[in-house]
Amino acid sequence: GGSGETGGGSGGKQKIVVKPVDVDKAYDGTPLYALNEIEETDAIKKLLEQGYVYEVLVSGSRTERGELESVIEEFRLLDKSGRNATADFEIIYKNGKIKITNTQIIVNLYKITKYYDGTPLSYDEDDYWVEDLPSGYKLELKLSGSITEVGTFDIEKLYELPVKVTDENGNDVTANYYVKFVGEGLTVMKNKITVVTNSAEKVYDGKALSSPIAWVGLGKLVDGHIIQIDETSVSEITEKGEIENELRVKIVDENGVDVTENYEITYQNGKLTVN
């Protein structure tokens, strides 16, 4: 999944889920080994963008058909200066999968994206193309599934859909094949908006000047959503001079639920001036 887990942990540490990448192949009599790589959740991607790197040792292998787990034996997270920063985070370790399958038929998902608008992004039943299907064979599959919030649809859910493989004579040979889904599929991106903060001025009177007012200047909120000022962010000035009105906002839906994570907010700050 693309969402990843992040948030406050014990002692205020950021939580990070670390899981080996899943690996699979069709049975060929040789072992398949785990890779020394982890899934790049949103939380991991953000750290990599900030210059962090990771070192990981993953164990596990399988030769026969079936599935077993891969396990993280060692993990280190280094910041951009090369310092071991592993202890700065609350790390939750999960196991990956090593899967040996029947002969594979690959279902490639079309990349379908949109900006968040509060409505579902859904698969049409034929939003894919197929490879490695033997000549004369047919694959019966109707895609379904949707995603509304920012993130990427969990491809694992597609394995719950009914599939059927028939040979050139129309015989059901589904049991001899493994249908594998690959591709990015459905992705909902953050809605981009610009929030403008108010400007205000007055003649010095010994009292603080603030202006906790902001509005959406570019872009558009989803219907029913409103911006709310973060009261802890209100700027103020008392002495003669000028500062930026650096307000910060959150966005809530019609039920008061915080949906800020679905927006990419750019701020255009006004000025607070005491003459």
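Student: How does aspartate 22 count at its relative accessibility: buried, partly exposed or exposed?

Tutor: Aspartate 22 has a relative accessibility of 32% and therefore counts as partly exposed, since that class lies between under 20% for buried and over 50% for exposed. Please keep in mind that this is a predicted model.

Student: With which residue does the side chain of aspartate 22 meet in a salt bridge?

Tutor: The general idea is that side chains of opposite charge can pair when their charged atoms come close. Here the partner of aspartate 22 is lysine 19, with an N to O distance of 2.8 Å. Lysine 19 counts as buried, at 17% relative accessibility. A network of salt bridges links Lys19, Asp22 and Glu39.

Student: How many salt bridges does the count come to?

Tutor: The count is 15 salt bridges. Among them is the one between aspartate 117 and lysine 114, at 2.8 Å from N to O. Aspartate 117 is partly exposed at 34% relative accessibility, while lysine 114 is buried at 17%.

Student: Which residue meets lysine 99 in a salt bridge, and where in the chain do the two residues of the pair lie?

Tutor: The side chain of lysine 99 meets that of glutamate 67, with 3.8 Å between N and O. This pair links distant parts of the chain, as lysine 99 belongs to strand 8 (residues 96-101) and glutamate 67 to strand 6 (residues 66-78), 32 residues apart. Lysine 99 has a relative accessible area of 19% and is therefore buried, whereas glutamate 67, at 43%, is partly exposed.

Student: How do strand 6 and strand 8 run, parallel or antiparallel?

Tutor: In general, the strands of a sheet pair through backbone hydrogen bonds, either parallel or antiparallel. In this case strand 6 and strand 8 run antiparallel and are joined by five bridges. Within that pairing, glutamate 69 has lysine 97 of strand 8 as its bridge partner.

Student: What is the order of the strands in the open sheet of four strands?

Tutor: The order is 2-8-6-4, and the pairing is mixed. Strand 2 (23-26) and strand 4 (53-59) are at the edges; each has a single partner strand, so one side of each has no neighbour in the sheet. On average, neighbouring strands of this sheet are turned by 25° against each other, direction ignored.

Student: In which sense does strand 18 pair with strand 10, and in which sense with strand 15?

Tutor: Strand 10 (residues 112-115) pairs with strand 18 (residues 186-189) in the parallel sense, over four bridges; tyrosine 115 stands opposite methionine 189 there. Strand 15 (residues 151-152) pairs with strand 18 in the antiparallel sense, over two bridges, and glycine 151 stands opposite valine 188.

Student: Which residues of helix 1 are buried, and why are they said to line one face?

Tutor: The general idea is that an α-helix has 3.6 residues a turn, so residues three or four places apart point the same way. In helix 1 (residues 42-49), the buried residues are Ala43, Ile44 and Leu47. Viewed down the axis of helix 1, these buried residues fall within an arc of 100°, so they line one face of the helix. Their cover includes strand 1 (14-18), strand 6 and strand 7 (89-93).

Student: Which residue with a positive phi follows helix 1?

Tutor: That residue is glycine 51, with a phi near 100°.

Student: Where is glutamate 156 found?

Tutor: Glutamate 156 lies in the loop between strand 15 and strand 16 (163-166). At 38% relative accessibility, glutamate 156 is partly exposed. The C-alpha atoms of glutamate 156 and glycine 224 are separated by 32 Å, and the two residues are 68 residues apart along the chain.

Student: How many helices and strands are there in the protein chain, and how does its radius of gyration stand against the globule rule?

Tutor: The protein chain has one helix and 26 strands. Its radius of gyration is 26 Å, well over the 19 Å that the globule rule gives for 275 residues, so the chain is more spread out than a compact globule. Along the principal axes, its C-alpha atoms fill a box of roughly 90 × 45 × 25 Å.

Student: What part of the protein chain do buried residues make up, and what part of its contacts join residues at least 24 apart?

Tutor: Of the 275 residues, 37% are buried. Among contacts between residues at least 6 apart in sequence, 64% join residues at least 24 apart.

Key:
Residues are numbered from 1 along each chain as its sequence is written. This is a predicted model: local features need pLDDT of at least 70, side-chain atom pairs count only at pLDDT 80 or more; totals for chains, interfaces and linings use all residues. Side-chain values use heavy atoms; hydrogens and water are left out. A salt bridge is a side-chain nitrogen of Lys or Arg within 4 Å of a carboxyl oxygen of Asp or Glu. Buried means under 20% relative accessible area, exposed over 50%, partly exposed in between (1.4 Å probe, protein chains only). The arc is that of the directions from the helix axis to the C-beta atoms. Contact means heavy atoms within 4.5 Å. Two strands pair if DSSP finds at least two bridges between them. Axes are lines fitted to C-alpha atoms, for helices over the stretch in contact, and angles run from 0 to 180 degrees between N-to-C directions. The radius of gyration is taken over C-alpha atoms; the globule rule is 2.2 Å times the number of residues to the power 0.38.
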